[in-house]
Amino acid sequence: MTDPTRWPILVAALLFCLAAAGCVQPSFEPGGLNVWAVSGSHTVAMNGTVRRETNCYSHQDKRISLRAARNETVACQLVVSAQERPLARVTLTIGQLSDKTTTLPSETVRAYRPHYVRTTREPSWQMIRQNIVPSTEPHADILVPLNAPKGGQPFDVAANSCLPVWIDVAIDASVAPGVYTSKIEIASDGTIVDQLQLQVQVLPLTLPNEMVCPIHLGVDLPKLLAHHLEREGRPYAPAGLVDGDPMAEQVRGVLDGTLRMVHAHGCSPFLTGIAPAISLEASGQLRLAWETYDRTVSSYLDGSAYPDGRGGSAWPMPVTASFPLPASYGGANSPAYGVAFQECLKQCLEHFRQKGWLDRHFVWTAPPVRAEPEPANTVLSFGTAVRQASPSLRLLTTSIPQSMKPFGWLSHEFDPALSNVVSIWAPPAQFYDEPTMKKCQAMGKSAWMLVEHPPFSPSFDIGTPEVDPRALAWQAYRYKIQGILVPTINDWPETPVSTVVAGGGSWLVYPGKPFGILGAVPSVRLKQLRRGLQDVAYLSLLKGIDKGRTADTIAKALFRYGGTAAYGDHYADGVQWPWASDPDLWDLARRLTADRILRIQGGAPGDKDAEFVQTVEWRRFIDGACKVRIYCEGVRVRSLDPSSSGGEAEVVLHLVVRNDKPEPITGRLRFGKLPVGWRAVANDLPVEALPSLARAKVSLVARASAIGTNELGIAYIPVVFDGGRQGQVEIRARLTQVTARGLERPVVVDGDLSDWPPGIRNVAGDFIVIAGQDPLLAGREPTGRATQQTVVFTGFDSQHLYLAFNCREDKPDSLPATSSNFVRYEGLLPMDGDLLEVLIDPTNAGTGQPIDVYHLVIRPTGAAFAERGVSTDTWGTSRHWPAEVRVAAARQERGWTAELSIPLSAFGREARSIKRWAINFGRYQPRLGQYSSWSGARRYLYNTRSFGNLRWP
């Protein structure tokens, strides 16, 4: 009989032998290492949570599984996570992919180590994005090849942190369909600590070589060279490949390394900051010397620099408003300059014709520095001179091709004469109007778009949500945009690879010099842009073979609104949820598109189980991407007797029904259970056949004998949209009301709130960030609350309205000492240091317009200014408000306080006869990237319908 005590010894011996034979995966000691993988569509935080199973990784099988078409690059991120102990000198070894008969080239798989950057400010649009929480954490954005001389591997992973390694798998068009596998080994200090398998299924379909959506990316040549080359200890930026330059080989290396890398990501790069030399012949004739220019750019235009032989799809002629330099010819208005300008254009035209580049050329006044439209008069004068040189020259402009009056810019005019000189319209995304651009295309013009910011187009800003660069190509597909323009992808500061980048940053590549690389290295955002370009290649394949509208349905489901279609109340206001934010939905869309193509082509199983799975997955996609949203723009409360604050009040809910589903919806909008003492007046209203991607405004009305709010002046009113078979949507509309409290004696306006009586119904609080609460979360714990709260007290005497603010701030030392009475706006947000806003409309008319609003801004220093109207940089006007407002502020241990008194006479004679005013309070906190308000207004504060309510007793 066998001795049972020997079993543990035998088992241990067997495990040891199996491990030695490679049958058992070695594993790190508990508390040491965790490894998993996510797709390239996700962001991995430094302190990210360990994920055992994802849509591309199985922990049980220790396998990364990817699918790719031929001529496609797919990506994943292998995440190496250290637990209680750090990992030192970590290295990855990735074997060659192979099946039973074929081994793919080693360059098929490329891996990159991410380096982190942090920006010092969040852009204004981040605060408006729904469910986007501004973060002070650094962003993994710089991608350095693992085999780089510096910054690749080995690398260290700190305890309780993780590092994602980006892996690209580029499947050549010649690869046979099948399943290819390789082994990945992870070592620490030279010892293998984990192994896993990489599996790639190559599908029997091929993505096209040609660009479905041309993305034109400008590369600033002088800046590119100066960040990579040095001569005599100083940055070196020659005019290009200069004949006889001893550093010409390095110049070519930087150019090839950068432009080939950008080209490999599916984009079309072009060079800026390069021009031919100008000389004068003995006869006084101007001559352009093309030798250096041609030597530098020819291979990128004719395609010989690229493996696929496809040259650049667009290229700027070197003549701009600053070349030839006007000052060299007596100024821009001198006859000599006019002659030189015309001659340069004619020689450029002839040279481009001789070289075979004319079909790709464009002329512009200068590369745009910001996403702003060019003034029409500048374009007209420049374009007229271009036309005089030759009608064959194609002028590109970022000017607006239509009047903006219908969109709320009442002073904007469109000059029809522009159509006579412009060949390529490339307005900023905010002004890209699809109907107008279709008309331009019908006239033979090209319709491009200048990348801007959400919700009008995705952004390339560092720290942008991971889906945004991917979504840009989808926008081009949706709106049939013929070219996306990015004037420069290397607008670098002095140290772009620093851990902290001053301001924001939108460059798509980084200098490779700090990592020993001759040429730029990519960003994560460039990789995500490539993913989007390949997505729309799938869509285009499907659209070409599918007689249905599947491709367009998928595109509209994920990318819903862009350009002027993303306007809210007017051109300066944008909708929320312009495109889907869940990366998994984008990955699912790609997979469903590929499966649909394969089924049509007969290359995938056609059994009933597969059909059912696809149907379930399709329904999951539609339900996840396409919603019916109802949200409340504001709640107005008015006394039926304007001269009395007693009796019944009328409550009006301004609601919006938005249909993001692919088919029209019909339903009814009604109140839920109303509070005691309320009765519905306008209720159960129809919403008839609301088209896909359309919005309907509906107002429900009730009358109330009393408005009951909580201690912070808030009540929630239930609203139900009944869509019949399409289901119900329930939300809670936020009603805000505060009652001004009569004060027995005036308070002292000194920033000290100790002389205020206890708050009873005169307190406003629970500030909500400008993005508001997602209506789809109604009924759950309210979201969207400001991290650092603000409480407001209201009071009055016979002469003044008094307001007191208690502002929580955990880091009061971070408050700036700004005393300026000027506010800098970005769009409709006051992005100019910590501040408070008070907005008052005594008429309570709810017109939506800010023209007659009384507006005050208060800083933590006590500096303040008052105006009538709102003087933003894009919408609204203001005028002087001669109110003798007194303001004082004081710092506290956990925040700051402010007090102000406003003479009641400053609001006009009729104001006090109205017993309910519209009022709102806002607060901007740049440290947290939050802009919040008491009423919970969405997107911006200056729509009077979104104000709260002030009741006079």
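Which residue caps the N-terminal end of helix 12? In this predicted model, the cap is supplied by Asp582, which places a side-chain oxygen 3.0 Å from the backbone nitrogen of Asp584. Helix 12 itself covers residues 583-601, and its 19 residues reach 28 Å from the first C-alpha to the last, close to the 27 Å expected at 1.5 Å a residue. Just after helix 12 comes Gly602, whose phi is positive, at about 80 degrees.

From helix 12 the reader can turn to helix 9, which spans residues 467-478 and whose axis comes within 11 Å of the axis of helix 12, with a crossing angle of roughly 40 degrees. Because of that angle, helix 9 counts as oblique to helix 12, and the crossing is left-handed. On the side of helix 9, the contact is made by Val467, Arg470, Ala471 and Trp474, while helix 12 contributes Pro583, Trp586, Asp587, Ala589 and Arg590. Sorted by class, the residues of this contact divide into six nonpolar, no polar and three charged. The spacing along each helix can be read against a general rule: an α-helix has 3.6 residues a turn, so residues three or four places apart point the same way.

Helix 9 also meets helix 11, which is made up of residues 550-558; here the two axes come within 10 Å and cross at roughly 130 degrees. Angles over 145 degrees would count as roughly antiparallel and those from 65 to 115 as roughly perpendicular, so at its own angle helix 9 is oblique to helix 11. The crossing of helix 9 with helix 11 is left-handed. Trp474, Tyr477 and Arg478 in helix 9 are in contact with Ala551, Asp552, Ile554, Ala555, Lys556 and Leu558 in helix 11, and by class this contact has six nonpolar, no polar and three charged residues.

The residues that make the contact are Phe341, Gln342, Leu345 and Lys346 of helix 6, together with Phe382, Ala385, Val386, Gln388 and Ala389 of helix 7. These divide into six nonpolar, two polar and one charged.

Methods:
Residues are numbered from 1 along each chain as its sequence is written. This is a predicted model: local features need pLDDT of at least 70, side-chain atom pairs count only at pLDDT 80 or more; totals for chains, interfaces and linings use all residues. Side-chain values use heavy atoms; hydrogens and water are left out. Helices (H or I, at least four residues) and strands (E, at least two) are DSSP runs, numbered from the N terminus. The expected span of a helix is 1.5 Å times one less than its number of residues. A polar contact is a pair of N or O atoms within 3.5 Å; within protein, one must be able to donate a hydrogen and the other to accept it, and residues adjacent in sequence count only if both atoms are side-chain atoms. Contact means heavy atoms within 4.5 Å. Ala, Val, Leu, Ile, Met, Phe, Trp, Tyr, Cys and Pro count as nonpolar, Asp, Glu, Lys and Arg as charged, and the others, Gly among them, as polar. Axes are lines fitted to C-alpha atoms, for helices over the stretch in contact, and angles run from 0 to 180 degrees between N-to-C directions. Angles under 35 degrees count as roughly parallel, over 145 as roughly antiparallel, 65 to 115 as roughly perpendicular and the rest as oblique. A crossing is left-handed if the near helix is turned anticlockwise from the far one by less than a right angle, and right-handed if clockwise.
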